[in-house]
Protein chains: 2
Amino acid sequence: MMLEGKVVVAQGGGPTAVINQSLVGVVLESRKFNQITKVYGAINGVSGIINEDFLDLTQETTHNLEQVAITPSSALFSTREKPDEAYCKEIFHVFKAHDVRYFFYIGGNDSADTVRIVNQQAEQSDYEFRAIHIPKTIDNDLLMNDHTPGYGSAARFVAQAFIGLNLDNRALPGVHIGVVMGRNAGFLTAASSIAGKYPDDGPHLIYLPERPFIMDNFLHDVNETYQKYGRCLIAVSEGIQDENGIPIITKLINQEIDAHGNMQLSGTGALGDLLTQQIKQKLNIQRVRSDTLGYLQRSFMGCVSDVDQHEAREVGEKAAQFAIWHNIDGSITINRTGDYSVDYKMAPLLEVAAKTKLMPDNFINERGNNVTEAFRYYLNPLLGSNMPTASMLRAPLASKILKR
Amino acid sequence: MMLEGKVVVAQGGGPTAVINQSLVGVVLESRKFNQITKVYGAINGVSGIINEDFLDLTQETTHNLEQVAITPSSALFSTREKPDEAYCKEIFHVFKAHDVRYFFYIGGNDSADTVRIVNQQAEQSDYEFRAIHIPKTIDNDLLMNDHTPGYGSAARFVAQAFIGLNLDNRALPGVHIGVVMGRNAGFLTAASSIAGKYPDDGPHLIYLPERPFIMDNFLHDVNETYQKYGRCLIAVSEGIQDENGIPIITKLINQEIDAHGNMQLSGTGALGDLLTQQIKQKLNIQRVRSDTLGYLQRSFMGCVSDVDQHEAREVGEKAAQFAIWHNIDGSITINRTGDYSVDYKMAPLLEVAAKTKLMPDNFINERGNNVTEAFRYYLNPLLGSNMPTASMLRAPLASKILKR
């Protein structure tokens, strides 16, 4: 029953604030097993595997690993490469040469698909081999998971950003737009809703990729809010699409396409600037600003959910345990069992790979311009402990003398 | 000697993470004095004064004031209005009607100028009156001050952001530009330099408004860095100007002009997008991204320097003490006395008002594309305690089998 050999662990896709927790979970747990001859870390995801660029993490100190665990972004670096069958054959070729018997790939749904194909090839050639996908994505868009490691911390960053933007927008009123990451799923944009504490707090409007973005409705909503409060704070997902599923941002500029056939949405302020322009022109409101939260959402140093940290570590540990003790393949999933407690299970790779989970209907309001309390209830525990909140003055107004 | 009457406190200009510390410092300290009949907070800065929109902060609980103190942005809200003589006459008219004898205005150099004019009018009409300017600006550009309250926390946000951007840029290499606030002074952009820990860490290039921005030199520097490290992280001030002092961003678009005659630089991703485009076109580098840090720099909830917090509180307290005990007018200043200790003094308003401090030459390197160690030494204590740092893996590379 004891499958002896090396472990390879790698990180794929966009970094998160806690992805190194999962890495360290795999490494420390794997190193406890006698049948593990070495623990290798592949540099730059799958491309590090085919180039045999491995760090020998068996020789890394526990103390430095713990420091790396609390460092955001991918300590093994990452890749945007999406391997096809031929590429996965190469991977498998290297694994056989190095007597790698366990492969842990920390990433999103594209990474899960890579794991699936590599595993298939191992089965076809009767090579005893365990391949495990460990979930990670700030987008929170993996099926079979209540939520994904990385989301809680990114959501906390977005929430803390919008608490500040709401206060700023109140101090110097106008229309303010915050553009949040999320190509197809609106979970991260929806996290902005946590900023609302006092009754007239923003974000007043939240636009998600799950609902068609109609410019006329948008302008109507903004104007209505601005008339009511004298200001308007808006959260917009970078992935908002029109009725035909065309991203609003493509109406603007020739966008880059990445190796997965995805259009570049981040790393530009273009969407915020477009919406700002529309509001200025059509509503004749003078002070309109936008912030694109950008890469800070996934890599900012020092804004992290301790719940997210803890779970990210555990999915790494559990992955090693499932594979090495129990000889099971698959994708580790997080399941909510109580209020608030979770459990980890192994799901078939096919049920996670290359699929996208969207916000369920009960998380989005009827008009499609905000979230529901059900969503806030869902998100709350994921933000971790000591979530800061804003406080306002409540002193009474003094009587006027000259203008009464 | 005892000047009996009301206190008015107000906040002007852009919010900061600690401006409410100064407000609470003024309020709590003023409330201790018997000769203070009421402590009023003017809503929306000077415009709240002429409209007699005062909160009676004598009736605010100490406990809520302490909660407000740790809340970023301006709890009394703010204004961009820059009063002229006639406007200041109005202010003074209201002050006399309400028997206001002490005026504390928390703001930048424009606010100092307002205090100066109001004070002049009191002197001209023989109305006994103390007017104090309390420094605040994330730009750190006030004369007579070693540094200003608000700067340390914003600098910490920028540093933590660039620690993350450096890790992200390392994980998924390319050129990454972070655009930082700062119209004329580069102090905040320079704070990005704290992100460098390991020898090849970014930001590799830092562009400040104090040095002319020459596009050809910029492209040369970026290319050189990219060839050397396979990536390049750049910090750019939103206020960078060409040889003739023309902001680079004006070469792009028709920008808004505010009431101070200042051009809108923030709240748009245009500068980052322009520089991105130049690099893509001229250097033929594929992965080029930009982040505009935007309003998060001054209002993000939960990223604060405890040193900055402490000093912001003290300048408020000291202002009340100078005015009410010692009957002195002026602008409170922070003076560095040791390594690291500070003292507070009162400077003449004329020496602070409407003037701008720039980065001294010894803080900028010769080529004008980075900062010096002298600057990092200057900044370090202002960031506060428990500044997080990133840690990388240091395990040795494993031997290749197939490709040796």
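Author: A salt bridge is a side-chain nitrogen of Lys or Arg within 4 Å of a carboxyl oxygen of Asp or Glu. The model discussed here is predicted, so local features require pLDDT of at least 70, side-chain atom pairs count only at pLDDT 80 or more, and totals for chains, interfaces and linings use all residues. Residues are numbered from 1 along each chain as its sequence is written, chains are lettered from A in the order in which they are written, and side-chain values use heavy atoms, with hydrogens and water left out.

Reader: With which residue does Asp53(A) form a salt bridge?

Author: Side chains of opposite charge can pair when their charged atoms come close. Asp53(A) is bridged to Lys400(B), with 3.1 Å between the closest N and O atoms.

Reader: What does Arg313(A) meet in a salt bridge?

Author: Its partner is Glu66(A), at 2.6 Å from N to O. This pair joins distant parts of the chain, 247 residues apart: Arg313(A) belongs to helix H11 (residues 306–324) of chain A and Glu66(A) to helix H3 of chain A. Helices (H or I, at least four residues) and strands (E, at least two) are DSSP runs, numbered from the N terminus.

Reader: How is the size of an interface given?

Author: It is often stated as the accessible area lost when the parts come together. Buried area is that loss for two parts (1.4 Å probe), summed over both. Between chain A and chain B it is about 7100 Å², with 58% from carbon and sulfur atoms. Glu52(A), Met301(A) and Leu393(A) supply 10% of the area that chain A buries against chain B, more than any other three residues.

Reader: How many residues of each chain are in contact?

Author: Contact means heavy atoms within 4.5 Å. On this rule, 89 residues of chain A touch 89 residues of chain B.

Reader: At what angle do the axes of H1(B) and H11(B) cross?

Author: Axes are lines fitted to C-alpha atoms, for helices over the stretch in contact, and angles run from 0 to 180 degrees between N-to-C directions. Helix H1 (residues 19–30) and helix H11 (residues 306–324) of chain B have axes that come within 7 Å and cross at roughly 35 degrees. Residues making this contact include Gly25(B) of H1(B) and Gly316(B) of H11(B).
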